[in-house]
Amino acid sequence: MADDYLVRIGKLIRNARQHRGWTQSHLAEALGTSQSAVNRIERGNQNISLDMIARIGEALDSEIVSLGTAGPMHLRVSGGRQLSGAIDVKTSKNACVALLCASLLNSGRTVLRRVARIEEVYRILEVLNSVGVKARWINDGADLEIVPPTELDLTSIDTEAAVRTRSIIMFLGPLLHRMDRFKLPYAGGCDLGTRTVQPHMSALRHFGLDITATEGTYHAEVEPGIAPQRPIVLTERGDTVTENALMAAARHPGTTVIRNASSNYMVQDLCFFLEQLGVEIEGVGTTTLTVRGVRDIDVDVDYSPSEDPVEAMSLLAAAVVTSSELTIRRVPAEFMEIELAVLEEMGLDLDRGPEYAADNARTRLVDLTVRPSKLQAPIDKIHPMPFPGLNIDNVPFFAAIAASAQGSTLIHDWVYDNRAIYLTELTRLGASVKLLDPHRVLVEGPTRWRETEMMCPPALRPAVVVLLGMMAAEGTSVLRNVYVINRGYESLADRLNSVGARIETFRDI
């Protein structure tokens, strides 16, 4: 390799390591090498194989280089441009991954319509394919067809894909009905601090599932004949916890009552899908679900997941921070009502069209038109609550919006340890974001946005918030290593460009 190539590779590795908060010694330990070797690599003074580059990328959960794959590595943003026209909201990331996991309940053919083509979906598909599931894109790549095998081969599971997604945890509910003993890799995903899986264990223990964790693997054993003897009370009203309990209950041939259940959008989509599989569910949209499962499911099913309220919030925030008039179509407004009410109180000029049904015939959609507005900071703090409260994943977008408003806004994310810290990255774009503690920031606006170059935060929503700040900033900004954005958004740069943004994707090598 030429010397300049090695220097560029070394710089990319150093930036990724520093952004993760690791020392050279920490990276060396993960690679099974010495700190001095890592130092030589980062300085471009040591030849490095493609295998070592791949190992470093896996250790840092960062795409150092890309060989033969599509999709952006970095984004170059020419900011200060107003958006205009109309843009459609894509189907829900979180619903799609739950439905892919739920397809394991069905011995028949499952077709999911308009599935978001995102990295999180690709990772789940890689895992499914590795254990014998036949999953393929049909109808010119618009839809997914899933046909499971008679027996799953978990010994061949794609561990690398599995550890890059937290969604693998939702295999537990379906798999406990298919085998008495199995192993799964630890769940990964966004770096958002400690996220315990104990609530999953507590819920699924009612179905005979026992889990031990050793050396990066969940070891699962299912005791036959165990069934819920009383209502399952979830220790946290989590979305994935509720989904796991629902999938476990779906093939329990009796009645299961789940209390303190999430009633969020992805849970409702899963309930609608399970109903098409023949499962009876009472209480959809409430915190108590009564499930009458069936022992065997073998049906051909065709289902359309609904639109993503978090993507809708992202697009709405893009219009706000760029002072644009933009129409956002196919917005699942019933899952954004608190957010919209807060924004209107802040002074947002917003028109709502008439409601209409999503393709699942159950979710209510509207078209929203946002206009340039002089916003005032909200009187109360911004904080998430379980549905129908303000969505936890929509909280970060209020940091960018608050930075565009007049006054001080307190944002309190009591769920995740690190998200508030990542929001302080907006200071590099000129925003005043003061970290009060790991869960709270104080945002002072309005902001005179400025261009910058920086690494992408390792968490999905804060990463998009930084991108929005770059779109508002005059001049050219660079956001490096954007894999995490592609985990949750399909062709986001191209779609924003279609309504007037100027975002270029590029690679260093």
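Select Glu42 and Arg17. In this predicted model, a polar contact of 2.5 Å joins their side chains. Keep Glu42 selected and colour by secondary structure: the residue sits in helix 3, residues 35-42.

Is Glu42 buried or exposed? Its relative accessibility is 3%, under the 20% cut-off, so Glu42 counts as buried. Now show what surrounds Glu42. Leaving out residues up to four places away in sequence, Glu42 touches Gly10, Lys11, Ile13, Arg14, Arg17, Gln24 and Leu27. Arg17, the polar partner from the opening stop, is in that list.

Rolling a probe the size of a water molecule over the atoms shows where empty space is left. The count here is 2 cavities of 30 Å³ or more. Go to the second largest cavity, with a volume of about 30 Å³.

Which residues line the second largest cavity? Select Val77, Ser78, Gly79, Arg81, Leu83, Thr322, Met471, Ala501 and Arg502. Then highlight strand 1, residues 74-79: this strand gives the most to the lining, with 3 residues. Colour the lining by class. You get 4 nonpolar, 3 polar and 2 charged residues.

Last, colour the protein by pLDDT. The average is 89, and 94% of the residues score at least 70. Select residues 66-72, where the pLDDT is below 50. Beyond near neighbours in sequence, this stretch has 11 contacts in the model. Move on to residues 189-195. Here too the pLDDT is below 50, and the stretch has 26 contacts beyond near neighbours in sequence. Where pLDDT is low, the predicted coordinates should not be read in detail.

Terms used:
Residues numbered from 1 in each chain as written. Predicted model: local features only at pLDDT ≥ 70, side-chain atom pairs only at ≥ 80, totals over all residues. Heavy atoms only, no water. 1 Å grid on protein atoms, 1.4 Å probe; cavity = no way out; pocket = protein on both sides within 12 Å on 5 of 7 lines; lining within 4 Å. Points joined across faces, edges and corners; volume = space filled by probe spheres on them. Helix = DSSP H or I, 4+ residues; strand = E, 2+ residues; numbered from the N terminus. Nonpolar A, V, L, I, M, F, W, Y, C, P; charged D, E, K, R; others polar. pLDDT = per-residue confidence, 0-100. Contact = heavy atoms within 4.5 Å. Buried < 20%, exposed > 50% of the residue type's maximum accessible area, 1.4 Å probe, protein only. Polar contact = N/O pair within 3.5 Å; in protein donor to acceptor, adjacent residues only side chain to side chain.
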